Structure formats: structure tokens, C-alpha cells
Amino acid sequence: MTLIVDFDYHSQVTDVSGGLAADGPQKGSRVRRLAGGLLVALGLWLLPAAQASADDVCPRPPPQSEVLPPPDLYSSNGALNVAFNYNTTVDFAGRTLFCFQTPDGTQSPTLHVNPGDTLTVQLTNTVPPIPGGPAETVSAGSKQCGNPTMTLSSVNMHFHGTNTAPTCHSDEVIRTLVNSGETFTYTLDIPKDEPPGLYWYHPHVHGIASASVTGGASGVIVVEGIENLQPAVAGLPQRILVIRDQPVLNAPGGGGPGPGWDVSLNYVPIPYPAYPVAIIKMQSGTREFWRVANVSANTIVDLQLTYDGKPQPLQIVALDGVPTGSQDGTRQGTIVTQKDILMPPAGRAEFIVDGPSDKVAVARLVTNAIDGGPAGDSNPARPLAQIVETDKPVKLPRMPSRVTQPGAQRFEGLADAAVTAHRKLFFSETPTGHGQKPDEGVNFFITVQGQQRELYDPNNPPAIVTRQGAVEEWTIENRTPEVHDFHMHQIHFLVQAINGVEIPKKKQQFYDTFQVPYWTGVGPFSSIKVKMDFRGAVVGDFVYHCHILEHEDGGMMAIIRVKPPKG
């Protein structure tokens, strides 16, 4: 079991960027980097009992299966009530699996809600405790939400991308812990001005988040109504595709060029090295609306659709749950056409595709290779699915017709809003001198310029304090030789520049997760410039971090506090 506790290192440690860690002593007293230990310890503990029940708990289809839509649950009369069991088992290769299942066995359903609805999730943790496993008290008194003690089998839920309250029993991840045998109720009030689009849910316990998500515990949320902002999708067949990653089944010998992680599509595995593709059946000549979520913990995807090797146009209508071009005051989205879409872990893209004609011999959904930097994970080019043409209509739900005129949008007018504060943040890394895998031998930081670097701890004071109503411009630098993916909880941000190159205002888009390129070691640090919108209703403490979850588990996260406006 991998366990690092009460770890000190000092200012003369060489930084992976080639510089010197000049910030003085750094202390990390968290139960950290537990992902590998959780998978091994829990897998071994569960193996004898799990073999008999694997068909019912967290079931997975075999390779080359047809990609079937996730099951759907819809709100009614302004409410969606869901009961989830957080379950675990092991697969045929001994890999630990996790999943959210309803009491009738439905796994990772898509949760459909409307702006203004209330989503209630009753979460029961059925993962057994690990005898003799480590535990740490992370909160007490008024700061407690759920169980105060973190263990290897703790869980909570993050409702990624939603602009919901960071309070206990809502979208709060700093303190919330649900331990073995416990039940906890989440009640989320979806804002009336929530952008219509694709969101998702997953566990977010610091230290074991990567293990939970690579185990498969994730699903998507659809906030309905995108057809009112993007009329082009009205009436189209809707296809939801969920990309996940998991430990490599066939690890390359001798440290070969294999991927850092295997991937799956709607749980259909596409293992290295043969990459047997999943099957997507599509009626010839049909136009479809694809809603794709990369809910991987650590894998970056550059999505592309090819017909006989030729990349096809993807008509993008939303990114990270926000309809493209929809926040400029016109309350009408625009279509952005590209031939590939870079999707970091947690990224979502919604786009229109035209199915292959009968003249196309090979139609494939693929990911291109990612240059993640010399210290980054391997994300090679690989196929994901083969599009199989059929003459019969495919059973998919259709988007409704446009029925209402859109109202005020959540981030409307941000591009022209006056900036109230400027900040600089930076990603950095420092080797620890131990650990068998690269990320086990590194401490990861996200730091506000002028502050001392600190590993994340829920008891740290907020690194940033601002007020409701603020509009801030942040420059986020990457001072490391690998990419990092900046994610902000509770709000979205407008990306204005990459590596100092301004994006034309009409081409700027909103995201909740965005990749910061790696630093080559020469010249200025790589960076993005973003505009943060605190004008909404969100008040309280929440976090921002790298959404490569091994980096987040390794300390690359910090707390922001939004105070009420001055009276």
C-alpha cells in the first residue's frame, strides 16, 4: 500500500522545471497519494467475494460491443430524486471497479434536469472498510459535513460544472465524507439561469479521487433546453458518449510506448495494444447530435471523426456545458466548426455530425496523439469506435423542438464587464525522492504569486478571498514540463489568451476546465489568461485544481472563499 504521511522537504530540493525550490520548507500532513494503495488493498480484500457478484455489481461489457446509451432518469414537476449505492467489485484482471448504482442495479444513469429544478441524491456507501487501513480526521465542529474521518473507502460526490452552492448537502467537496455503511443526502438547486448542456458527477475525496474515477464511478448530467439557444439541434437524434480511463490491462514490457491508461466508451473497453474498437451503429446519411464527455481521471483526448481517413467537420454547439457564443447578450448561440476537439479530463463537447454515406468504407471515432510534455503521461493516437452503417433507424431519443425564447444567461455580458482584480497563479512540481511511478515521486502545487507553495489540505486557509459581484482576470502559468488542466468549481471562466496570444473576442468561449500548455524550459512560462465571473449567487468556500486527478491527489488544489457583497 502506498502511504505518505507527515512529509517534509526543504528549500534546496531541485525543481523538475530545473529551478530551485526557493519557497522554504514545505509540509504535507495529509494522507496522500492513496490511489495505488486503495486499488491494491481493496482489490485484494474484495477478490474472493466479488468474483461471484461481478455480473451484478459494476458490470462492464466485453470489447467490441455496441456502444449503448447510458440509462436515462428524467425530472418531473421540477424535481429529480435518485438513490445511489456506491459499489465496488473487481474485474477478471483483478482491477478494482467502482460505480454509482440505483437500488434496481441501474449503473451511472444520465440525470436529466431543467433549469430551476431540484436534484436530490441519496448516497449510500456500500464499499467495505479495509481492516487496518489508515484514517485521518479532516474536520470537526461546525466545519464537519458527514463523517469527520477520511478512510480508504470514503466517498462523496461532485456535480461538475454546475453553478450550485458549495454548502454542506449541496456541491461541497472540502469537508463532505460518506464512510462505509453511511447514507448522505445531497439536495442541489439547479439555477434558473444554468446554461443548458452537458455536466457530470463523480467522487472527489482528495487523495483517492483518481482511483475512484478510474474505477468507473461517474455519470453525466444533462441540463435541458439547449435547442432554445442552438436551434440546429432541435429534432435530431441525441447520442451520449462517455469516455473513461482505467489501469492498463496489458502493460507494455520494458517501459514501452504504451498509454498511461486504457480507455473505454460507455464502458466498452478499448485495451492496449490491439485497441479492439467499440461499435457505433448509425443510419446511413443521418445527422445526429453527439454529447461527449471525457470523464477520465487522467487521460487527455483529441477527438476526431474520420471517414476513410479524412477528418470530418464537427459542428460544435456547446463546450463544458455552455452553448458556444451564447453569453454575448443576444441569447442565441453560434456554431463553431472544427475537425478535432481537444478534451482534457473532465472536458465536454456537444456537436452535430453527419453519418457516413454508403460510399465510405471505414468510419471511425479516434483520438489523436497528445504531446503532454516530457514529464507527462503517454496519450497516444488510438481508435475508439467504428461507425457501422445500417439501413434501419437507430433507437435514440430525439431532441425536442425549440419551444421557448431563452431568458437571461448565467455569464451574460462578462466579456465587457469591468475587471475588479488581477491575479497570477502558477503550477509547479517538486520531486520527493521516492515513489515507483512518476507521479508518486512528485509533489504538485498550484500557488498564488507571492504566497508560499503548499500542498492542499482542507484545513489550509483560503488562498484567494474575493466577494460576490467581483469580476477577476487570472493569468495561470505552467512552470512544469507537463501539461496541467485548470478546473474551477462552482463557476465557469472565459478564456481570453493562450501563451500571451489574445483570442479574438468573438471566438472566446466559456469553460470550467482548460489545458495549460507545458513549459519547454526556455523563454516565458506557458500560460492562459481567463476572466472569472463571481457575479452569480455562489458564496462560500470551494476549490480550484488540476483535473489530472493524480496531480490533484498529489496536492495540486487550493481553496477560494467568496464572501457576500459589502453591505
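## Basis and overall make-up

This is a predicted model, in which local features need pLDDT of at least 70 and side-chain atom pairs count only at pLDDT 80 or more, while totals for chains, interfaces and linings use all residues. Residues are numbered from 1 along each chain as its sequence is written, and side-chain values use heavy atoms, with hydrogens and water left out.

The secondary structure of the chain comes to four helices and 41 strands; helices (H or I, at least four residues) and strands (E, at least two) are DSSP runs, numbered from the N terminus. Of the 567 residues in the chain, 59% are buried, where buried means under 20% relative accessible area, exposed over 50%, and partly exposed in between, with a 1.4 Å probe and protein chains only. Among contacts (heavy atoms within 4.5 Å) between residues at least 6 apart in sequence, 77% join residues at least 24 apart.

## Strand pairing

Five strands form an open sheet with mixed pairing, in the order β3-β6-β15-β14-β11. Strands β3 (72-74) and β11 (158-160) stand at its edges, and because each has a single partner strand, one side of each is left without a neighbour in the sheet. From one strand to the next the twist averages 25°, with axes taken as lines fitted to C-alpha atoms (for helices over the stretch in contact) and angles running from 0 to 180 degrees between N-to-C directions.

| Strand | Partner strand | Sense | Bridges |
|---|---|---|---|
| β6 (residues 110-113) | β15 (residues 219-223) | parallel | three |
| β30 (residues 421-431) | β33 (residues 471-478) | parallel | seven |
| β30 | β31 (residues 442-448) | antiparallel | seven |
| β32 (residues 464-467) | β41 (residues 557-563) | parallel | four |

In strand β32, I464 and T466 make up a covered face, while V465 and R467 make up an uncovered one.

F159 is placed in strand β11 and is buried, with a relative accessible area of 0%. Not counting residues up to four places away in sequence, F159 touches L119, V121, D171, Y186, L188, W200, Y201 and I221. F159 and Q490 are 331 residues apart in sequence, yet their C-alpha atoms are 9.0 Å apart in space.

L265 is found in strand β17 (residues 262-265) and counts as buried because its relative accessibility is 1%. Leaving aside neighbours within four places in sequence, the residues in contact with L265 include V67, L241, V242, I243 and I270, and L365, L384 and A385 are also among them. From L265 to P63 the C-alpha to C-alpha distance is 10.0 Å, across 202 residues of sequence.

## Backbone features in loops

Q64 has a positive phi of about 65° although it is not a glycine; Q64 is found in the loop between α1 (35-53) and β3, and counts as exposed at 54% relative accessibility. H169, which is not a glycine either, has a positive phi of about 75°; H169 lies in the loop between β11 and β12 (176-177) and counts as partly exposed at 35% relative accessibility.

The peptide bond from Y272 to P273 is cis, with omega near 0°, and P273 has its place in the loop between β18 (268-270) and β19 (278-283).

## Cavities

The structure holds six cavities of 30 Å³ or more. On a 1 Å grid over the protein atoms alone, a cavity is a set of points where a 1.4 Å probe fits but cannot get out, and lining residues have an atom within 4 Å of a point. The second largest cavity has a volume of about 80 Å³, and of the 11 residues that line this cavity, I300, G376, D377, V483 and I548 are the closest to its centre.

Key. Pairing = 2+ DSSP bridges. 1 Å grid on protein atoms, 1.4 Å probe; cavity = no way out; pocket = protein on both sides within 12 Å on 5 of 7 lines; lining within 4 Å. Points joined across faces, edges and corners; volume = space filled by probe spheres on them.
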